[in-house]
Amino acid sequence: MSSSKLFQPIQFGKAALKHRVVMAPLTRNRGNNVHTHTDLAVEHYSARANVPGSLIISEATFIAHKASGYTFHAPGIWSDEQIAAWKRVRRFSWSNCYNTV
């Protein structure tokens with residue numbers, strides 16, 4: 001199985017991936033009532049980023065409250081609070097993957 005292309009490195013733009021398994025975008029609906037990520041998102045992404053050289057495509061993200069319709073708990077990215085939460089997810093995911101905080 002180790003000879004499978006799935007487990008061989010590949011260059012993806014500027015990213016050197018150590019394998020070809022990619023986490024596809026998922027909408028998990030684990031934000032809070034104002035569409036801001038919580039500690040659950042940090043835990044979720046950090047756990048999946050613990051293998052260096054992995055590619056994770058983040059989940060669907062609303063660009064405006066108006067775009068969210070009746071969907072609660074999905075993340076947004078239109079407020080400063082939401083942007084700060086996404087930055088926290090990124091920081092902890094990268095620190096888990098690259099051992100830097």
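S58 sits in the loop between β4 and α2 of what is a predicted model, where local features need pLDDT of at least 70, side-chain atom pairs count only at pLDDT 80 or more, and totals for chains, interfaces and linings use all residues. Residues are numbered from 1 along each chain as its sequence is written, and side-chain values use heavy atoms, with hydrogens and water left out. Helices (H or I, at least four residues) and strands (E, at least two) are DSSP runs, numbered from the N terminus.

- For accessibility, buried means under 20% relative accessible area, exposed over 50%, and partly exposed in between (1.4 Å probe, protein chains only).
- Not counting residues up to four places away in sequence, S58 touches P25, Y45 and W86, where contact means heavy atoms within 4.5 Å.
- The C-alpha atoms of S58 and R90 are separated by 9.9 Å, although these residues are 32 apart along the chain.
- The loop between β4 (55–56) and α2 also holds H73.
- Phi of H73 is near 75°, a positive value in a residue other than glycine.
- H73 is partly exposed, at a relative accessible area of 31%.

**Overall layout**
- The protein chain has two helices and four strands.
- Read from the N terminus, its elements follow the order β-β-β-α-β-α.
- Along the principal axes, the C-alpha atoms fill a box of roughly 45 × 30 × 20 Å.
- Of the 101 residues in the protein chain, 28% are buried.
- Taking contacts between residues at least 6 apart in sequence, 56% join residues at least 24 apart.
- The protein chain exposes about 6900 Å², and carbon and sulfur atoms supply 60% of that area.
- These accessible areas come from the Shrake-Rupley method with a 1.4 Å probe; for residues, only the protein chains shown count as cover.

**The nonpolar core**
- M23, A41, V42, Y45, W86 and V89 form the largest nonpolar core, which has six residues.
- Such a core is a set of buried Ala, Val, Leu, Ile, Met, Phe, Trp, Tyr and Cys residues joined through side-chain atoms within 4.5 Å.
- Helices α1 (39–48) and α2 (80–98) each supply at least two residues of this core.
- The most comes from α1, with three residues.
- Leaving aside neighbours within four places in sequence, M23 is in contact with H44, Y45, R48, L55, I56 and I57.

- V22 belongs to strand β3.
- With a relative accessible area of 38%, V22 is partly exposed.
- Residues up to four places away in sequence aside, V22 touches L55 and I57.
- V22 and I57 are 35 residues apart in sequence and 7.6 Å apart in space, C-alpha to C-alpha.
- H35 lies in the loop between β3 (22–23) and α1.
- Phi of H35 is near 60°, a positive value in a residue other than glycine.
- H35 counts as buried, at 2% relative accessibility.

**Charges and the salt bridge**
- There are 12 positive and 5 negative side chains in the protein chain, and the centres of the two sets lie 13 Å apart.
- In this count Lys and Arg are positive and Asp and Glu negative, while His and the chain ends are not counted.
- The place of a charge is taken as NZ of Lys, CZ of Arg, CG of Asp or CD of Glu.
- One salt bridge turns up in a search of the whole structure, the term meaning a side-chain nitrogen of Lys or Arg within 4 Å of a carboxyl oxygen of Asp or Glu.
- D39 forms a salt bridge with R88, and the closest N and O atoms are 2.7 Å apart.
- Because D39 lies in helix α1 and R88 in helix α2, the pair ties together parts that are 49 residues apart in sequence.
- D39 counts as exposed, at 52% relative accessibility.
- R88 is partly exposed, with a relative accessible area of 31%.

**Between α1 and β4**
- N50 lies in the loop between α1 and β4.
- At 45% relative accessibility, N50 counts as partly exposed.
- N50 and S95 are 45 residues apart in sequence, with 8.9 Å between their C-alpha atoms.
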